[in-house]
Amino acid sequence: MDIASWFRLDGRIALVTGGSRNIGKWIAEGFIAQGAKVYISARKAEDCFATAEELGPNCVALPQDVSTVAGCRALAEQLREHEQKLDILVNNAGTAWGEPFDQFPEKGWDKVMDLNLKSPFFLTQALHGLLKAGAATGNPAKVINITSIDGQRLNPWETYSYHASKAGLIYLTKRMAARLIEDNIVVTSLAPGAFPSQMNRAARDHGDMVAKSIPSKRIGVPEDMAAAALYLAARSGDYVVGETLTVDGGLVSAKVGVSIDA
């Protein structure tokens, strides 16, 4: 049983949005280490090119703002200039907005929903042809949506549109998976917990304190996210369809609450 080869990505082409930093960068780096050629996209061109240079010749920058349908289609066209197929798409680009209920603005709703929920659908749609070209019997193409444990439970902050977008993306993953498996494209999602990132500044700046509330007693490290994404992207995840893999040290499923009888 050659299990090691099931976690390789040799010859595979991947695209990671939001790939210039944090979770997207960690996933890209993990894919490259396992043999993939990875295109990364980000809104800020200078950051995108800098990360691609850092990750080496198997990483190519395709700067683009995918918060609009036009941007999603433009990124798909950029990729078509380089490749005739796509094996792995990671919809990682995302944003958040926190503001009190009585003051929460429409722009805080639309900005988050457009990038977190709308763009994964329309980018996948725009890349459907390339993904079908990359799919083969016994070797499906993959779409991995980066969701969040905040789509599975509440955090303490008033991040209304973020919660809604990530919960919606978890269910959208199931709906997309049911359709795209017909084209031999497997759709799944990854729900990160506390990782040190620009979006999760509490974990980034106060990791020791945050770790106290996590059953595993630590926050996530880059390898946790890279390995989980690799599992879904490689042959190892071929038989996992429409599911969300939660990577949070047990916060959602192993956290013991306070009894109402206590």
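Me: In which sense do E1 and strand E2 pair, and over how many bridges?

Reply: In this predicted model, E1 and E2 (residues 37–41) run in the parallel sense, joined over five bridges. Pairing requires at least two bridges between the strands, so E1 and E2 count as paired with their five bridges. Within this pairing, Ile13 stands opposite Lys37 in E2.

Me: Why is strand E1 called largely enclosed by the rest of the structure?

Reply: A residue is buried when its relative accessible area is under 20%. Five of the five residues of E1 (residues 13–17) are buried, and therefore the strand is largely enclosed.

Me: Which residues of E1 point one way, and which the other way?

Reply: Ile13, Leu15 and Thr17 point one way, while Ala14 and Val16 point the other way; all are buried.

Me: How do you know that the radius of gyration of the protein chain agrees with that of a compact globule?

Reply: For 262 residues the globule rule gives a value near 18 Å, and the protein chain has 18 Å, so the two agree. The C-alpha atoms fill a box of roughly 60 × 50 × 35 Å along the principal axes.

Me: What share of the residues in the protein chain is buried?

Reply: Under the 20% cut-off, buried residues make up 50% of the 262 residues.

Me: What share of the contacts with a separation of 6 or more joins residues 24 or more positions apart?

Reply: Such residues account for 69% of those contacts in the protein chain, where a contact means heavy atoms within 4.5 Å.

Key:
Residues numbered from 1 in each chain as written. Predicted model: local features only at pLDDT ≥ 70, side-chain atom pairs only at ≥ 80, totals over all residues. Heavy atoms only, no water. Rg over C-alpha atoms; globule rule 2.2 N^0.38 Å. Buried < 20%, exposed > 50% of the residue type's maximum accessible area, 1.4 Å probe, protein only. Helix = DSSP H or I, 4+ residues; strand = E, 2+ residues; numbered from the N terminus.
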